[in-house]
Structures are given as C-alpha cells and as structure tokens.
Amino acid sequence: LGELTPLEETRAYKELVAKGEAIGRHREERLILRQLQRRIGPVPPAQQTRIAALPIEQLEALGEALMDFTELADLNCWLAGH
C-alpha cells in the first residue's frame with residue numbers, strides 16, 4: 001500500500017476550507033453593511049464595493065470602527081485611510 005496523504009493536504013479538504021472561509025467572509029460583510037445602514041443610513045453602491053474589496057483584517061477593523069460613526073462622511077474618511 002502507498003502512503004496516505006494527510007487530510008489537510010488533500011485538494012478536497014483545501015477546497016472545503018476555502019469555501020467555508022468565503023462564506024464566513026460574505027456573512028461578515030453583510031453584517032457590517034447592515035450595521036452601517038442602521039448606524040448611518042443607506043450605504044451607496046460605491047462604498048459597498050470598496051467594503052467588499054477589503055481584506056478580512058480591515059473588514060474586522062471596520063466592524064469595530066463603525067461603532068463611532070454618526071454619518072456617511074465618517075465611513076468615507078475611514079475608507080480613505082484604509
């Protein structure tokens with residue numbers, strides 16, 4: 001018998017992990033957009049696109065920063081710095 005490949009090294013495992021990460025990121029992005037809308041009102045499509053392009057670390061940082069936002073200008077300022 002040949003050597004068995006560790007599960008973590010299989011293509012199927014890696015694909016499942018990547019899919020799970022993508023789903024988690026999408027959920028976090030949707031949550032942040034809902035929180036932003038509740039906090040500052042509608043988020044224009046251009047800002048939604050910029051938020052969708054953020055790396056996960058910055059998306060998480062935005063989730064914390066938005067607690068201090070009071071208007072769309074706060075979001076724009078934050079996005080300009082990130």
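Keep in mind that the model is predicted. Helix 1 covers residues 11–40 and packs with helix 2, residues 45–52. Helix 1 also crosses helix 3, which spans residues 56–65.

**Helix 1 with helix 2**
- These two pack at an angle of about 145 degrees, and their axes sit 11 Å apart.
- Their crossing is right-handed.
- On the helix 1 side, the contact is made by Arg25, Glu29, Leu33 and Leu36, while helix 2 brings in Gln48, Ile51 and Ala52.
- Sort the residues of this contact by type and you get four nonpolar, one polar and two charged.

**Helix 1 with helix 3**
- Here the axes come within 10 Å and cross at roughly 30 degrees.
- Angles under 35 degrees count as roughly parallel, so helix 1 and helix 3 are roughly parallel to each other.
- The crossing of helix 1 and helix 3 is left-handed.
- Helix 1 uses Arg25, Glu28, Glu29, Ile32 and Leu36 to meet Ile56, Leu59, Glu60, Leu62 and Gly63 of helix 3.
- This contact splits into five nonpolar, one polar and four charged residues.

**The two sides of helix 3**
- Leu59, Leu62, Gly63 and Ala65 are the buried residues in helix 3.
- Looking down the axis of helix 3, you'd see its buried residues fall within an arc of 170 degrees, so they line one face of the helix.
- What do those buried residues pack against? Their partners are helix 1, helix 2 and helix 4 (72–80).
- On the face of helix 3 turned away from its buried side, you'll find the exposed residues Glu57 and Glu64.

Conventions
Residues are numbered from 1 along each chain as its sequence is written. This is a predicted model: local features need pLDDT of at least 70, side-chain atom pairs count only at pLDDT 80 or more; totals for chains, interfaces and linings use all residues. Side-chain values use heavy atoms; hydrogens and water are left out. Axes are lines fitted to C-alpha atoms, for helices over the stretch in contact, and angles run from 0 to 180 degrees between N-to-C directions. Helices (H or I, at least four residues) and strands (E, at least two) are DSSP runs, numbered from the N terminus. A crossing is left-handed if the near helix is turned anticlockwise from the far one by less than a right angle, and right-handed if clockwise. Contact means heavy atoms within 4.5 Å. Ala, Val, Leu, Ile, Met, Phe, Trp, Tyr, Cys and Pro count as nonpolar, Asp, Glu, Lys and Arg as charged, and the others, Gly among them, as polar. Angles under 35 degrees count as roughly parallel, over 145 as roughly antiparallel, 65 to 115 as roughly perpendicular and the rest as oblique. Buried means under 20% relative accessible area, exposed over 50%, partly exposed in between (1.4 Å probe, protein chains only). The arc is that of the directions from the helix axis to the C-beta atoms.
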